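Welcome! Please take a moment with the sequence and the structure, and then let this briefing show you around.

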Amino acid sequence: MESVTAQVKSRRGTALSNLDRSKNIVRSSRNVAKLDVTSQAQASELVQFTKYTKLLGNGLAVIDFTSRVGNIQNTHRTGGNWHRQLFIESSGFAASAAIGTGFLKAGGYGLGLLMVSTPIGWVGLIIGGALVVGAAAGASMTTNYIITNDAGGIYGSLMNWITSS
Amino acid sequence: MTERQILVAFIILLSVITGIFFVLFGQITVRKLRKNPKTKDVLGLEFMSGWDILNAAQALAMPKCWSKKLEKSPLSSINADSTLLFENTNKFDRILAAIFYWLWMFTGFSGAILILMNTFGFFD
């Protein structure tokens, strides 16, 4: 090893003679998509973050569900057709959940591919993630809007069809 | 019924069927995987309760080369490990996963088309 590194005049040494040097070279490599979780602290922060997202996800589902149940109850209380409202709210929930999660999962896959093929780092990942979540939320809410608008009519046709046959 | 109502009724039906398959796949396959010490830690990140069901379905239903591509990424831990899942499931689980996953993606895709058509005024 001495004879190999003898010509190298660099004060920092080579990857072979200086362990720090080799670690630095690996750390700053420019051709690998790097997203380094270098320390224990960062790793536990990531875990913490996922706990928050889980809490947030469940919380949103609970809020959404509560408001839907509230709508049904209000319809019942004001003497409206609460069966119809139940149909509207549950179909809106099912469809917007399916479509929102579908968007999220597909977007996540796209983001994953982007990370493999391009050297995007933390910032790109956060921006991309925010875009995906935004698109998913938008799609989910728009679906809910369209479906709650139309489900009443569908319920009417369905009931007509059942009673007439 | 108007044209949009027909499309909406179709999407409602699709989402209800997707929901049924979600529960079936979760109860039959993912419950087994959660209990298996070999697979219980590779089901991917849970953004909300039950998200691991979606991760597992994706890992089992996607063509293997697609999942492999994703697992090269530094963030592979948010997805389920397809190699381990394939080793610990039987054919029935995979068929169930494929039906659920593609039905779900098809529902999402139809929803996107509905939104696009509505935005560009196809139904006016």
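Here is a short tour, from the overall make-up down to single residues.

This is a predicted model, in which local features need pLDDT of at least 70, side-chain atom pairs count only at pLDDT 80 or more, and totals for chains, interfaces and linings use all residues. Residues are numbered from 1 along each chain as its sequence is written, chains are lettered from A and ligands numbered from 1 in the order in which they are written, and side-chain values use heavy atoms, with hydrogens and water left out.

**The two chains**

- Chain A has five helices and zero strands, and its elements run α-α-α-α-α from the N terminus; here helices (H or I, at least four residues) and strands (E, at least two) are DSSP runs, numbered from the N terminus.
- Chain B also has five helices and zero strands, in the order α-α-α-α-α from the N terminus.
- Of the 165 residues in chain A, 27% are buried, where buried means under 20% relative accessible area, exposed over 50%, and partly exposed in between (1.4 Å probe, protein chains only).
- Of the 124 residues in chain B, 45% are buried.

**Surface, contacts and charge**

- Chain A has an accessible surface of about 10700 Å², with 65% belonging to carbon and sulfur atoms; such areas come from the Shrake-Rupley method with a 1.4 Å probe, and for residues only the protein chains shown count as cover.
- For chain B, the accessible surface is about 6500 Å², and carbon and sulfur atoms hold 67% of that.
- A contact means heavy atoms within 4.5 Å. In chain B, 73% of the contacts between residues at least 6 apart in sequence join residues at least 24 apart.
- In chain A, 61% of the contacts with a separation of 6 or more are between residues 24 or more positions apart.
- Chain B carries 13 positive and 9 negative side chains, and the centres of the two sets are 8 Å apart. Lys and Arg count as positive and Asp and Glu as negative, while His and the chain ends are not counted; each charge is placed at NZ of Lys, CZ of Arg, CG of Asp or CD of Glu.

**Segments annotated in UniProt**

- An unreviewed UniProt entry lists residues 6-30 and 99-123 of chain B as "transmembrane region". The positions are given in the numbering used here, feature names are shortened, and annotations may be inferred rather than shown by experiment.
- In the model, residues 6-30 of chain B are 100% helix and 0% strand, with the end C-alpha atoms 34 Å apart.
- Residues 99-123 of chain B are 84% helix and 0% strand, and their end C-alpha atoms lie 31 Å apart.

**The nonpolar cores**

- A nonpolar core is a set of buried Ala, Val, Leu, Ile, Met, Phe, Trp, Tyr and Cys residues joined through side-chain atoms within 4.5 Å. The largest one has 27 residues, and Phe25(B), Ala56(B), Leu60(B), Leu85(B), Phe100(B), Tyr101(B) and Trp104(B) have the most contacts inside it.
- At least two residues of this core come from each of helix H4 (82-117) of chain A and helices H1 (3-35), H2 (51-61), H4 (82-87) and H5 (91-119) of chain B.
- H2(B) supplies the largest share, eight residues.
- Another core lies apart from it and has 13 residues, among them Ile99(A), Ile146(A), Leu114(B) and Ile115(B).
- Beyond its neighbours within four places in sequence, Phe25(B) has contacts that include Ile53(B), Ala56(B), Leu60(B) and Phe100(B).

- How many residues of H2(B) are buried? Eleven of its eleven residues are.
- The cover over these buried residues includes H4 of chain A, together with H1, helix H3 (64-71), H4 and H5 of chain B.
- Asp52(B) sits in helix H2 of chain B and is buried, with a relative accessible area of 6%.
- Asp52(B) touches Val30(B), Arg34(B), Leu43(B) and Glu46(B), leaving out residues up to four places away in sequence.

- Ser67(B) belongs to helix H3 of chain B and is buried at a relative accessible area of 6%. Not counting residues up to four places away in sequence, Ser67(B) touches Ala59(B), Met62(B) and Ser82(B).
- Phe47(B) is in the loop between H1 and H2 of chain B and is partly exposed, at 28% relative accessible area. Leaving aside neighbours within four places in sequence, Phe47(B) is in contact with Thr53(A), Lys54(A) and Gly57(A).
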